[in-house]
Every structure is written in structure tokens, then in C-alpha cells.
Amino acid sequence: MKFDNKMLRLVFRNHLILVVYTLALFILGGCASLPALNPEIPKLPVSERKHLKVALLIPEATHNLTEVKLLHSTCGGSISPEMQDLYKTNYGIAFENILSGIFSQLFDHVDIIRTLPPRNDYSAVFEASLINLHLKLACLAFDGAFIVQGALRALNYEGLEVWRANTTSMQFKEVIKFGLNLYDINARPKFLSSSLVTLGKEWSEEVNNVPVQFYAQYQTHVAPQTADNRLETNKPEPSVD
């Protein structure tokens, strides 16, 4: 394949930007750990809570999630382990706190649990899982995106799925000014929290608009186990513009 001078200059510029980008992460962000995420719980437009005692089942894998997968930047090149470490933080715990705060505005009583409870302990049991977290680092237009993939489903007393939220993915995009936001160790938590909060809000709207009998724990009508309905731990890589 023959390259003209214009194409060679473009390739050289892209790789130069990637080098500068990587250095900026360490100079401006430093090698310090990412501060813990402490997202603000949104106020929901709900006039009255449902008089139900519900449980939020957060699997251990979600609760303990601290890593996000970095996607390749638009400039090419690879993501170093050191760069990956810059984005380790309490994603799972933050997500758990978000859902607890949101669901407490929908129902009178909400407990966080790790395993399926005994029959009749709760009116409904919702299992909330984080499946994938991806962070796109781009350098040409300095745009970034945080993509959250998760699943919310209701379980009956046998642990079978009886209802599932339609929303499974949320993407938060922002134009990044060089040296700010994703590069700034103090600004990153707000950026990374946005998709987690938005996903929780989307789920709350779905739950609030569904009749209780659809997700009640006594429900025996089990949801069809189709490819779209089943909880999948191996999702395809998300496409990011």
C-alpha cells in the first residue's frame, strides 16, 4: 500500500497526540488513586411511595467492582496497565448507594441483600447487576464516553425471573477540554458517576410505571428465557462514536 505525504503526516500527528495524551494523564492527573465516587442522589418526581417492603439484591461481583475497561483511543495505540490503574475506584459500592437512594423514594422500605431471601420476607426482590463498564479515551476531538451495561430484574421466591427492565445500557458523553475532566483527578468522579446515576433513574421510571403484580415475589409466571431476557455476563464490546 502506497502512502502519500499527507497520510504520513496524519499518522505521525495522531501518534504524537496519543503520546501527549498519555503524558497528560500522569502529569495532570498524577499517579494518585481515583477518589471514591460519591454521587448525588437525584430527587425523583414521585408523588407517593408504594407501601411495600422490597429488597435490592446486589451480587458480590457488582458490589466489589472497582475496575473499568478502557477502550482504545481514536489515535490508536494500546492502553497501559498504569493508565488502567488510574481509573480504579468504588464503582460497585457507588452504584449500590445510588440504587438504595433511588428505590427508597419508590417504596416504604428497602433493604440491600446479597442472596435470595426466605419466602414472604419481602413483597418484591429486585436483582441489580453491573455487567460491563467501559471508558472511551479519545484524543483527536478530545471527546470521552463512559458506558455502563447492567441489568435489573425481579425474582420470585424461587429465584426465577418474572420481570426485567428494558434499559440495559447507558452512555454519558462529554467534550473533553485538554487538561480537564478525564485528565483531572478531581473532576473524573463526577464524570464517571453520571452514567451510573442516569441508569438508576431510568430503572426507577420503569419500575414506577409497572403494576406491582408484574414484579411481586409471589408471581409464578416466569419470564421467557430468551437471549434478550437472560442475564448475560459476556456482552459484546459496545460501539462508541
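Mentor: Contact here means heavy atoms within 4.5 Å. This is a predicted model, in which local features need pLDDT of at least 70, side-chain atom pairs count only at pLDDT 80 or more, and totals for chains, interfaces and linings use all residues. Residues are numbered from 1 along each chain as its sequence is written, and side-chain values use heavy atoms, with hydrogens and water left out.

Trainee: Which residues does Ser204 touch, not counting those up to four places away in sequence?

Mentor: Ser204 lies in helix 5, where helices (H or I, at least four residues) and strands (E, at least two) are DSSP runs, numbered from the N terminus. With residues up to four places away set aside, the residues that Ser204 touches are Leu44, Ile102 and Leu106.

Trainee: Does Ser204 count as buried or exposed?

Mentor: Buried means under 20% relative accessible area, exposed over 50%, and partly exposed in between (1.4 Å probe, protein chains only). Because its relative accessibility is 3%, Ser204 counts as buried.

Trainee: Which backbone oxygen does the side chain of Ser204 reach?

Mentor: The distance from the Ser204 side chain to this backbone atom is 2.6 Å. The oxygen that it reaches belongs to Lys201.

Trainee: Which residues touch the most other members of the largest nonpolar core?

Mentor: A nonpolar core is a set of buried Ala, Val, Leu, Ile, Met, Phe, Trp, Tyr and Cys residues joined through side-chain atoms within 4.5 Å. The largest one holds 45 residues, and the elements giving two or more residues to this core include strand 1 (50–57), helix 4 (91–103) and helix 5 (188–208). The members that touch the most others are Phe103, Phe107, Phe126, Phe146 and Tyr215.

Trainee: With which residues is Phe107 in contact, leaving aside its neighbours within four places in sequence?

Mentor: Phe107 is among the core residues that touch the most other members. Beyond its sequence neighbours, its contacts are Arg49, Lys50, Leu52, Val54, Phe126, Val207 and Tyr215.

Trainee: Which element has the lowest mean pLDDT, and which the highest?

Mentor: The pLDDT is the predictor's confidence in each residue, from 0 to 100, and its mean over the protein is 77, with 64% of residues reaching 70 or more. Among the elements, the lowest mean, 51, belongs to helix 1 (residues 5–28), and the highest, 98, to strand 3.

Methods. A polar contact is a pair of N or O atoms within 3.5 Å; within protein, one must be able to donate a hydrogen and the other to accept it, and residues adjacent in sequence count only if both atoms are side-chain atoms.
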